[in-house]
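Look at the fold below and follow how the chain is arranged, part by part.

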Amino acid sequence: MAKILVFTELNGEHAKGVALEILGKLNGHNVDCVCIGKTPKTAIEEMAKNGASNVFSLQSTGLQNYSAEGYAAALKEIIQKNNYDYVFAGSTSVGKDLFPRLAGTLNCGMASEVTNFLFEGDKFLGTRPLFAGKCYAKVEILGPKPHFVTVRPNALGMNAAAKAGTGAATDVSVNVGDIKAIVKEVVKGASEKLDLTEANIIVSGGRAMKNAENFKILNELADVIGATVGASRAAVDSGFAPHSMQVGQTGKTVSPALYIACGISGAIQHLAGMRTSKVIVAINTDPDAPIFTKADYGIVGDLFQIVPLLTAEFKNLLLK
Ligand SMILES: Cc1cc2nc3c(=O)[nH]c(=O)nc-3n(C[C@H](O)[C@H](O)[C@H](O)COP(=O)(O)OP(=O)(O)OC[C@H]3O[C@@H](n4cnc5c(N)ncnc54)[C@H](O)[C@@H]3O)c2cc1C
């Protein structure tokens, strides 16, 4: 049976959801997890619950802040020591930066941003969207092992029936050597909310928001329903929102359970980033706006009236 390692990023005390999704999908295989730094007990329990046999916490000077160079050196050591066949990670900002470097360093193949996969024996067969989600490619990885795979967050879903693993926690000292580029400080964005790519609910605003201050009404709705706020490129280019909030072809690709598009026309480049959302709700004054062709639920109306009404209604529902 293939030996598999899942690189697990942490979100405070918790393991990031995408790592648990991957573990759930791999349930029944021989899977270990690896984290950088001290791993909180809660996160270890979450990984064990989803099937992890071992949880390795890699420790070394130089790993306090993320750097592709330091993390790649640390992971390379444990991958080679334990002879893994496959190494998985979420296709997060870190996963997208780190895994190609790691695969390149080891001269091994990689499948990126897969949205589903299966194993035929020990052979990995993945699916990934191409051309802004218009078609899907089947991917295999050839050449020497280990093979690297990144998986799009929220694509697999959690496996409620996953059998627990032993989750034996081990601290491992690694030597990352001299890191040439050191990250001295991480300046967090204004939002403490979950990153768009991992969010389960997203409320996005378009050009119709008119200015940055008006995003307040989206933030209020987001606070009530536990959502992250996104934006169209027109809103970003107009200076209403930072680029980190942009959804679409030249922004972030998201796959939440619920996507609420407020005053967004539904241009092809916007759809490219959110069309795989499970449920799409569109609020738009124009009944012919293209977003309605993709929406599961459409509200023809002024977002400045509808959004506060939704916020009030959700508040009432949640207080009951
Ligand atoms: C190479 C390239 C890459 C691109 N990448 C991206 C990308 O990553 N992401 C992205 O979003 N776009 C991207 N675009 C831009 C894209 O083509 C559109 O221009 C953009 O998505 C439009 O944004 P919008 O829907 O907010 O604005 P608009 O198209 O102007 O739509 C505004 C909508 O708001 C509605 N509206 C107006 N007032 C109200 C109101 N009070 N209440 C409710 N509805 C109202 C209107 O009916 C309209 O449908 C890209 C374009 C190119 C060429």
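This report covers the domains, the sheets with their helices, and the nonpolar cores.

The model is predicted: local features need pLDDT of at least 70, side-chain atom pairs count only at pLDDT 80 or more, and totals for chains, interfaces and linings use all residues. Residues are numbered from 1 along each chain as its sequence is written.

The protein chain is divided into domain 1 (3-173) and domain 2 (196-319), with bounds taken from an automatic or database domain assignment. The C-alpha centres of domain 1 and domain 2 are 30 Å apart. Ten residues of domain 1 are in contact with ten residues of domain 2; contact means that C-beta atoms, placed from the backbone, lie within 7 Å.

Two open sheets are described next. Helices (H or I, at least four residues) and strands (E, at least two) are DSSP runs, numbered from the N terminus. Two strands pair if DSSP finds at least two bridges between them.

| β7-β11-β6-β1-β4-β5-β12 | parallel | 20° |

β7 pairs with β11 (residues 147-151) over three bridges, and Val 114 has Val 151 of β11 as its bridge partner. Helix α4 (residues 93-105) packs on this sheet, touching β6 (86-90), β7 and β11, and its direction makes about 170° with that of β11. Axes are lines fitted to C-alpha atoms, for helices over the stretch in contact, and angles run from 0 to 180 degrees between N-to-C directions.

β13 (residues 201-205) and β14 pair over four bridges, and Ile 202 stands opposite Thr 228 in β14.

The largest nonpolar core has 51 residues, and Val 6, Ile 22, Leu 23, Met 47 and Phe 88 touch the most other members. Such a core is a set of buried Ala, Val, Leu, Ile, Met, Phe, Trp, Tyr and Cys residues joined through C-beta atoms within 7 Å; buried means that 20 or more other C-beta atoms lie within 10 Å of a residue's own. A second, separate core of 40 residues includes Met 209 and Ile 280.

Technical notes
A residue is buried if 20 or more other C-beta atoms lie within 10 Å of its own, exposed if 12 or fewer, and partly exposed in between; C-beta atoms are placed from the backbone. Two residues are in contact if their C-beta atoms, placed from the backbone, lie within 7 Å.
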